[in-house]
Structures are given as C-alpha cells and as structure tokens.
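Welcome! Take a moment with the sequence and the 3D view below, then read on for a guided walk through some of the details.

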Amino acid sequence: MPGSTLFVVATPIGNLTDMSLRAIEVLRQVELIAAEDTRQTQRLLSHYGIATRLISYHDFSDQSTCQRIIQRLNQGESVALVSDAGTPLISDPGYGLVTEARSHGLKVIPIPGPSAFVAALSVAGLPTDRFSFEGFLPAKAGPRGKRLRALATEERTMIFYEAPHRINAMLQACASHFESSRKVFLGRELTKKFEQHFCGTLASALTWLAEDENNMKGEFVVVIAGGDEAAWQIARLEKADGLVAELRKEMPMKKAVAFISAFLGLSKNELYRRVLERDQ
Ligand code: SAM
C-alpha cells in the first residue's frame, strides 16, 4: 500500500455485493477512512470484516478536519474517502478534500465502482455518445425553472438525481419546460430489491407515477433525451396552443394567431390550420 495517498473509493449504491475486490483491499489496508456518515459506512465495513478506523468527513466539516487528514497524509499515512453510496464527489462530499490534497501535491487515486448515473445511463436506451450530468435540480420552483430554461436547447442526453418526495414536481417542471412527448427513463432503486425501470415520455411518466404510490418511493435517476429542432418545434406549437386559447378569450381567433405566431416565431398559416383542426 503506497503511503501519502488519498484513495477515492466507490461503494455500492444498494447491493453490497457490487463492492470491488480492490475497494475491499484498499479499505482494509489504509490507516484511516474518511466517511460521509460513519454509521452507514460501518455497516459496509462490518459486512466485509474490515476494522479500519473511521472519521466523519463532509464538505461542510470544519477546516480542521480537512487539515487533520492532510496532515496525516503528509506524515506518510494513506486515507480512503468514501460516501454513503456510489462514487464520492458525484453529488456527494469530497471536493474540498481532493482539491486540498492536490494543492499539497499528494497522490489522489480513484478506486472506481458504482455510480447511480452511470448505471442508469447504461440501461436507459437513450443516446450515450454525449451526455450531461445535471445532478439534483434546485428544490424551489424559481431556481429550478431557471435551470430548466437554460437546458431548453440542450441536445445531449441529460441525467438528473431526484428524491422521492420531489420526483413528481420535478417531472411536471420538465414536462412544462421541455415537450411532454420528450423521451425519459426513470431508474428507481437501482441494484436493490424493488428495482424498477420506466421508459416512456415525460407525460406518460407522470401518469405512471400517479398509478401506484409505490412507484414514487425510493431513489431515482431521471434520464431525459436531448432536444432537437423537431422536438423544439413541437414544444413551440404546444406552447402556442395554450397561448392562443388564452388570448381568444380577449380577441378574435385570427388576431390571437397572428400575435402568437409572431411572438414564438411560427408560421401564421401553420398555426391557423392547427387551431382550426383543434376546433373541429
Ligand atoms: N455519489 C452517488 C453516486 O455516485 O451515484 C450519488 C449520491 S446522491 C447524494 C444520491 C442520489 O443518487 C439519490 O437521491 C438518487 O437520485 C441517486 N441514487 C443513488 N442510489 C440510487 C439507486 N440505487 N437507484 C436510483 N438512484 C440512486
């Protein structure tokens, strides 16, 4: 075991047997394990009969915790960093410690393994050649809408993390900022007993969630297809439908169509035809 090394160790996201042999070996051999939640990590260590000392570390730990770890690394010891599940630093603590270790010229070695977003992306059936990991969207509607507006022209597959009590509001927001027909994959409780996959559109995902309260439980990765010109055109037309319907309460249909088509950059004739078809 090389000394003065910070090992960033991935741990299972639900299924304990997803632990790699190398991860077990490193956790056994380092002098210290810095863990997001020591009680959670203790369960993993007990399962594998690992007796290494644990200390608590998260990014809002006081500076002295980080400095104590750096000091021990500088003295020649090796330390492993783990989070509660998956890969540290991926929507998890560790950024402060890794940057500090790097600034001291210490070795930082990854021990790769599970990460929920890679697991979800690998089975989502959506393009994987280019993707954007977005982590958690803001919980509040205002900042969440701002982030989604910024993603409105994203062409790459987008990956989000979400908590069960926010999944419905999150998907509603996505359906209103993207097109409701946009393809989505929901990976629920990946690698766990009640693992479930949903493949469909944003609209059908909302219906699926409402069908059974169990569908809303547990941890979620949400993978959403990127947009393209055709998809954005559909979104603009869907938006136009709603706006024309509102304006028609105040003015003649032709005037509402002229106004909205100019506002959204749509063909007036196409929008007019569409409104007539919907009226039939
Ligand atoms: N560091 C972790 C990783 O590498 O995936 C992510 C930690 S983040 C605090 C926790 C979020 O990851 C959950 O809210 C959920 O969105 C996602 N997640 C973690 N485990 C999952 C699982 N087994 N199934 C689905 N999503 C999971």
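How far is an oxygen atom of the ligand from an N or O atom in the side chain of Ser-115? The separation is 2.7 Å. This is a predicted model, in which local features need pLDDT of at least 70 and side-chain atom pairs count only at pLDDT 80 or more, while totals for chains, interfaces and linings use all residues. Residues are numbered from 1 along each chain as its sequence is written, and side-chain values use heavy atoms, with hydrogens and water left out.

**Around the ligand**

The ligand has 19 residues around it, and Asp-92, Ser-115, Ala-116, Tyr-161 and Phe-220 come nearest. Here a residue is near if one of its heavy atoms lies within 4 Å of the molecule. The table lists polar contacts, meaning pairs of N or O atoms within 3.5 Å; within protein, one atom must be able to donate a hydrogen and the other to accept it, and residues adjacent in sequence count only if both atoms are side-chain atoms.

| Residue and its part | Ligand atom | Distance |
|---|---|---|
| Ala-85, backbone N or O | nitrogen | 3.3 Å |
| Ser-115, side-chain N or O | oxygen | 2.7 Å |
| Glu-219, side-chain N or O | nitrogen | 3.3 Å |

On its own the ligand has 570 Å² of accessible area, and the protein covers 91% of that. Such areas come from the Shrake-Rupley method with a 1.4 Å probe; for residues, only the protein chains shown count as cover.

**The nonpolar cores**

A nonpolar core is a set of buried Ala, Val, Leu, Ile, Met, Phe, Trp, Tyr and Cys residues joined through side-chain atoms within 4.5 Å. Buried means under 20% relative accessible area, exposed over 50%, and partly exposed in between (1.4 Å probe, protein chains only). The largest core has 23 residues, of which Leu-171, Leu-186, Val-222 and Ile-224 touch the most other members. At least two residues each come from β7 (157-162), α7 (167-177), β8 (183-188), α8 (202-211) and β10 (220-224), and α7 gives the most, with six. These helices (H or I, at least four residues) and strands (E, at least two) are DSSP runs, numbered from the N terminus. A second, separate core has 18 residues, including Phe-7, Val-26, Leu-44 and Tyr-48.

**Helix α9**

Helix α9 (residues 229-247) has 19 residues and should span 27 Å at 1.5 Å a residue, which agrees with the 26 Å between its end C-alpha atoms. The expected span is 1.5 Å times one less than the number of residues. Its buried residues, among them Trp-232 and Leu-237, pack against α10 (253-264) and α11 (268-279). At the N-terminal end, Asp-228 caps α9, with a side-chain oxygen 3.1 Å from the backbone nitrogen of Ala-230.

Ser-4 sits in the segment before β1 (5-9), and its side chain reaches the backbone oxygen of Leu-73 at 2.8 Å. Is Ser-78 buried or exposed? Ser-78 is buried, because its relative accessibility is 1%. A polar atom of its side chain lies 2.5 Å from the backbone oxygen of Pro-2.

Most residues other than glycine have a negative phi. Glu-189, although not a glycine, has a positive phi of about 55 degrees. You will find Glu-189 in the loop between β8 and β9 (196-201).

Notes: Contact = heavy atoms within 4.5 Å.
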